[in-house]
Amino acid sequence: MTVSASSTASPIGRQLPPEREPPRDPDQAAARPSPAAIVVSLHARTGKTLLARVLGDYFALSGRPPLVFDTDVTEQTLRAAFPYDTVVIDLVETRDQMTLFDTLARRAPEARVVDVSHHAFRKFFKVMFESQFAAEAHVRNVEPIIFYMTDRGTDAYEEARHLRARFDDCAFVLVDNAFVGKVKEKTRRSAAYQEMQEHDLRMTLPLFDPEIADALDDDPTLSLGDIVTKPLSRSDTGRMPGDLPFDQRAALRNWVMQAFRDIHRLTRTIETRAPALSPVAPVL
C-alpha cells in the first residue's frame, strides 16, 4: 500500500472481551467481506456523525463489533458514543493517515466505521486515492462502502457525482437526510442532481422529533443498540436508555429500526456485487 511504504505505523488491532467477539465460523468469514463504512459529507450539519453512530450499533448487533475512527480531533463526538472502540485520527498527521488506511485494509472479521470530518474531506479522499486503498482492501476481503450524505446545495451533488466516478471500485451509497430540509429548486434543476437521482444504492434518514434529536446531541453515550434491544414498556420508564419518555423512545426505536433495515438491505446488496468489484488475487 503506497501510504505505508515509508512508515513504521502499524494497523490497529484489539482484543475483544468474549461476549463481544464476532462469531468464529471460518467458512462464513471466508465468504463474507468485512465492511469498511466511510461516512462523509461535503458540508457540516448533515447528520453524518449520527449515521456513523447508527452504523456502529448496527454492526455491533450484527455480530461484527466495529473498530471506529473519529477524524474530528476537536469535538470527538463519535468517540463519546463508542469510547472503548474508537481511535481518534488527525488526518493532518502523516502517521495517522497511514495507521487509518492500513487498519481499514487489514484482513479481519470485524467491521470498520470512519466518520470523516467535513474539514478533512479533501485530505481523506486524496490519501485514499493515492494509496490505492480500495484495490488493497478488496484483496484482503474488505469491502469499502462510501456513505455520502447529501444536502440542499448543488455542490453537494456535483461532489457526489465526482466521487462516484473517481472511486468506481468502491460501493457508493447516497444518503438523504430529511432533517436537512427540502433540496433547493436550483439544485433540482442541476445536471448533477438529476444524474444522481438514478443512482441505485441509496437510503433516507427520516425526520424525527426535534426533542429526540436534542437528546441524541446532548447525550452521545445514549446507546441506539439499547434503544432497539431493551424491552419497550410504559412500566419501565425509569430504566429507559437516556431517560426518554415512552413515546419518544418508541419513535426513536422505529427510526433506528428503519435505518438498520436500510443498512442491512444495502450491505447485502453490496456483498452480492463484491465479486465483480474485487480483483482475483492470492490470499495474503
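Mentor: One term first: buried means under 20% relative accessible area, exposed means over 50%, and partly exposed is in between (1.4 Å probe, protein chains only). This is a predicted model, where local features need pLDDT of at least 70 and side-chain atom pairs count only at pLDDT 80 or more, while totals for chains, interfaces and linings use all residues. Residues are numbered from 1 along each chain as its sequence is written, and side-chain values use heavy atoms, with hydrogens and water left out.

Trainee: Okay, how much of the chain is made up of buried residues?

Mentor: The chain has 12 helices and 7 strands, to start with. Both are DSSP runs numbered from the N terminus: helices are H or I with at least four residues, strands are E with at least two. Out of the 284 residues in the chain, the buried share is 49%.

Trainee: What share of the contacts with a separation of 6 or more comes from residues 24 or more positions apart?

Mentor: A contact means heavy atoms within 4.5 Å. Take the chain's contacts with a separation of 6 or more, and the share from residues 24 or more positions apart is 77%.

Trainee: How many salt bridges does the structure hold?

Mentor: A salt bridge here is a side-chain nitrogen of Lys or Arg within 4 Å of a carboxyl oxygen of Asp or Glu. By that rule, the count for the structure is 13.

Trainee: Is Asp262 buried or exposed?

Mentor: Asp262 forms a salt bridge with Arg265, their closest N and O atoms being 3.4 Å apart. They lie 3 residues apart in helix H12 (residues 246-277), about one turn of the helix. Arg265 is partly exposed at 38%, whereas Asp262, at 15% relative accessibility, counts as buried.

Trainee: How many residues of H2 are buried?

Mentor: H2 covers residues 48-61 and reaches 20 Å from its first C-alpha to its last. That is close to the expected 20 Å, worked out as 1.5 Å times one less than the number of residues. Among its buried residues are Leu50, Leu51, Val54 and Phe59. H2 is mostly covered, and of its 14 residues the buried ones number 11.

Trainee: Which element gives the most residues to the lining of the largest pocket?

Mentor: On a 1 Å grid over the protein atoms alone, a pocket is an open set of points where a 1.4 Å probe fits, with protein on both sides within 12 Å along at least five of seven lines, and lining residues have an atom within 4 Å of a point. The largest one has a volume of about 890 Å³, the volume being the space filled by probe spheres set on the points, which are joined across faces, edges and corners. Of its 37 lining residues, those closest to the centre are Arg45, Gly47, Thr49, Leu50 and Asp217. H2, helix H3 (77-81) and helix H10 (210-218) each give two or more residues to the lining, and the top contributor, with 5 residues, is H10.

Trainee: Helix H4 next: how many of its residues are buried?

Mentor: H4 spans residues 94-104 and is mostly covered. Its buried residues, including Met98, Leu100 and Phe101, pack against elements that include strand S1 (34-41), H5 and helix H6 (133-139). Of the 11 residues in H4, the number buried is 8.

Trainee: Last one: which residues does Thr154 touch, not counting those up to four places away in sequence?

Mentor: Thr154 lies in helix H7 and counts as buried at 17% relative accessibility. Leaving out residues up to four places away in sequence, Thr154 touches Lys186, Thr187 and Ser190.
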